Amino acid sequence: MMDHSPLIDTPLTRALGIDVPLICGAMYPCSNPELIATVSEAGGIGIVQPISLTYVYGHDFREGLRRIRELTDKPIGMNVLTEKSSERYLDRMRRWLDIAVEEGVRFFVSSLGDPRWIVESVEGVGGLVYHDVTERRWAQKAIDSGVHGLIAVNSRAGGHAGALSPEALLDEIGDLGLPVACAGGVGDAAGFARALSMGYVGVQAGTRFIATTECASPEEYKRAVVEAGEEDIVLTHRLTAVPVAVINNERVKREGTEVPWLARRLLANARTKHWIRAFYSLKSVLGLKKAATGKMSPTDYFQAGKSVAGVDAIENAGDIVRRWAEETGSQKSSDIPGQPL
Ligand SMILES: Cc1cc2nc3c(=O)[nH]c(=O)nc-3n(C[C@H](O)[C@H](O)[C@H](O)COP(=O)(O)O)c2cc1C
């Protein structure tokens, strides 16, 4: 992308023209402009979540990107969600992608669905697409669609978690010839250093960045992330009809983690499953908005991954990027213990 000698030199930092191979992953509803800009300004890269930017924070998409640009001129990325949904939704996503390209965004993190149209839309301007994958089958499909890198979403991730450990997933997709970043379970500098020493080109972290001063989420949410331990994280189907990592609070304990019987039947039926998924997606988009702008209580869902284990304070997001970079730079990879993240 540009001639650049990064502070931590990996294929990711070189390709993106950034200093620290740390991606602040897209988060619905937690990706607010200030958080994205702070991570990018500190040398990592913040990812815009278009529905957060427009629906939650109320920006027109282009104006929202320009708001971030007022805060930093460093590279930012965009999350493009391509799951099979309505044509109207996909049209809107295509328009947002074109606007992002016009506004100078050159890094795209795609999740769900086939990323081919994203690659085709951005390649002409030198854009790079990294696709979120949880197993080799999806990684191979994404490669066939022309992506430039993979983000390996493991079983410790916040959001929609995968099934494999960080080690097993890298073993499974590390030989496919593309750079692989690690998503899931990295909540502190030691975990960041270990992921790099395992051979990942970078880390995409979400949960850690919720408990920051720049994140617009309510204090109760940030404190819950700080206070939770790894054992407090469970996967629930009730939020989006596919497993999502949440803190096991009063609500989750009361209602369990499975969808009700009727929804289960509709999900098992090929004809009705898309409708019921769309219903759950809409319900979660509306229900989760509070986790960015409202007041939260134990009757709400608190999305977070097992990386809560590494989070022990609400901190400045830029300090996190700088400290993780410093601590990694000061360790030789041979000093980094090969324990799980
Ligand atoms: C609250 C929350 C919301 C998320 N929303 C999205 C999203 O909208 N799109 C997406 O691609 N990933 C989403 N993710 C996944 C993150 O981008 C990232 O891959 C993940 O958080 C990494 O795991 P970690 O939480 O252990 O750091 C979300 C994660 C969290 C915690």
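Mentor: Thr236 stands opposite Val244, a residue of β11. The model is predicted, so local features need pLDDT of at least 70 and side-chain atom pairs count only at pLDDT 80 or more, while totals for chains, interfaces and linings use all residues. Residues are numbered from 1 along each chain as its sequence is written, and side-chain values use heavy atoms, with hydrogens and water left out.

Strands are DSSP runs of E with at least two residues, helices are runs of H or I with at least four, and both are numbered from the N terminus. Strand β11 covers residues 244–247 and is joined to β10 by four bridges, the two running antiparallel. Two strands are said to pair if DSSP finds at least two bridges between them. The pair belongs to an open sheet of three strands, ordered β7-β11-β10, with antiparallel pairing. Its edge strands, β7 (159–160) and β10 (233–236), each pair on one side only.

From the sheet we may turn to the ligand.

In Ala26, a backbone N or O atom lies 2.8 Å from a ligand oxygen. For Gly206, a polar backbone atom is 2.7 Å from an oxygen atom of the ligand. Gln49 contributes a polar side-chain atom, 2.9 Å from a ligand oxygen. The protein covers 93% of the 600 Å² of accessible area that the ligand has on its own, areas being computed by the Shrake-Rupley method with a 1.4 Å probe.

Two details of the backbone remain. Most residues other than glycine have a negative phi, and most peptide bonds are trans. Tyr28 and Pro29, however, are joined by a cis peptide bond, with omega about 5°. Pro29 is found in the loop between β1 (22–24) and α2 (33–41). Leu112, though not a glycine, has a positive phi of about 65°, and this residue is placed in the loop between β4 (107–111) and α6 (116–122).

Conventions. A polar contact is a pair of N or O atoms within 3.5 Å; within protein, one must be able to donate a hydrogen and the other to accept it, and residues adjacent in sequence count only if both atoms are side-chain atoms.
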